[in-house]
Amino acid sequence: MPKTVMIVDDAPSVRQVVGMALKGAGYEVVEARDGKDGVAKLDGRKVNLVICDLNMPNLDGIGFLKQIKTMEVYRFTPVIMLTTEDQQAKKEAGRAAGAKAWIVKPFNPPQLLDVVSKLILP
């Protein structure tokens, strides 16, 4: 059974590019258009990893991280932040909220897949 990755990003083009890379590597993909949509789609289904943007409407990436870390089923799900932000303070806030990796856009799909393969839950 393929592993599932959730992509949380308000940019349809980013969801499409990331989704194509993941699907090409054999992963199942669940897409969410912002943090609020992402939380709503975490309905108990198995999600092995989340790739999340930082700056989004309704609920940003840090708020999303904080919410899923309080959910018993997803508390240990690894989260990769994929964002245009590269300031150290934002990275530290992400790490404090539970992010396991930080990748700055524009990104290299093979690099992203390498990080995914290292962090994804069994």
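Trainee: Which residues is valine 50 in contact with, leaving aside its neighbours within four places in sequence?

Mentor: Met6, Val8, Phe64, Thr77, Pro78, Val79 and Ile80. Contact here means heavy atoms within 4.5 Å. Bear in mind that this is a predicted model.

Trainee: Which members of the largest nonpolar core touch the most other members?

Mentor: Met6, Val8, Val50, Cys52, Phe64 and Met81, out of 22 residues. The elements giving two or more residues to this core are strands E1 (4-8), E2 (28-32), E3 and E4 (79-83), plus helix H3 (61-68). H3 supplies the largest share, four residues. Another core lies apart from it, with 18 residues, among them Val5, Val18, Val115 and Val116.

Trainee: What makes a set of residues a nonpolar core?

Mentor: The members must be buried residues of the listed kinds, such as Val, Met, Phe and Cys, joined through side-chain atoms within 4.5 Å.

Trainee: Why is E4 called largely enclosed by the rest of the structure?

Mentor: Count its residues. Five of the five are buried, so the rest of the structure largely encloses E4. Buried means under 20% relative accessible area.

Trainee: Which way do the E4 residues point?

Mentor: Val79, Met81 and Thr83 point one way, while Ile80 and Leu82 point the other way. All of them are buried. In a regular strand, side chains alternate between the two faces of the sheet.

Trainee: How do you know that E3 and E4 pair?

Mentor: Count the bridges. Pairing needs at least two. E3 and E4 have three, in the parallel sense. Isoleucine 51 stands opposite isoleucine 80 in E4.

Trainee: Why is asparagine 48 called buried?

Mentor: Its relative accessible area is 3%. The cut-off is under 20%, so the residue counts as buried. Asparagine 48 lies in the loop between helix H2 (35-41) and strand E3 (49-52). Not counting residues up to four places away in sequence, asparagine 48 touches Lys3, Thr4, Thr77, Pro78, Ile120, Leu121 and Pro122.

Trainee: What makes the pair of asparagine 48 and proline 122 a polar contact?

Mentor: The distance is 3.4 Å, from the backbone oxygen of proline 122 to a polar atom of the side chain of asparagine 48. The limit is within 3.5 Å, with one atom able to donate a hydrogen and the other to accept it.

Trainee: Is asparagine 58 buried or exposed?

Mentor: Exposed. Its relative accessibility is 63%, and exposed means over 50%. Asparagine 58 lies in the loop between E3 and H3. Its phi is positive, about 70°, although it is not a glycine.

Trainee: How do you know that the bond between lysine 105 and proline 106 is cis?

Mentor: Look at omega: about -5°, in a cis peptide bond. Proline 106 lies in the loop between strand E5 (101-104) and helix H5 (109-119).

Trainee: How do you know that the chain agrees with a compact globule?

Mentor: A compact globule of 122 residues would have one near 14 Å; the chain has 13 Å, which agrees. The C-alpha atoms fill a box of roughly 35 × 30 × 25 Å along the principal axes. Buried residues make up 50% of the chain.

Trainee: What pattern does the chain follow along the sequence?

Mentor: β-α-β-α-β-α-β-α-β-α. There are five helices and five strands. Among contacts with a separation of 6 or more, 64% join residues 24 or more positions apart.

Notes
Residues numbered from 1 in each chain as written. Predicted model: local features only at pLDDT ≥ 70, side-chain atom pairs only at ≥ 80, totals over all residues. Heavy atoms only, no water. Buried < 20%, exposed > 50% of the residue type's maximum accessible area, 1.4 Å probe, protein only. Rg over C-alpha atoms; globule rule 2.2 N^0.38 Å.
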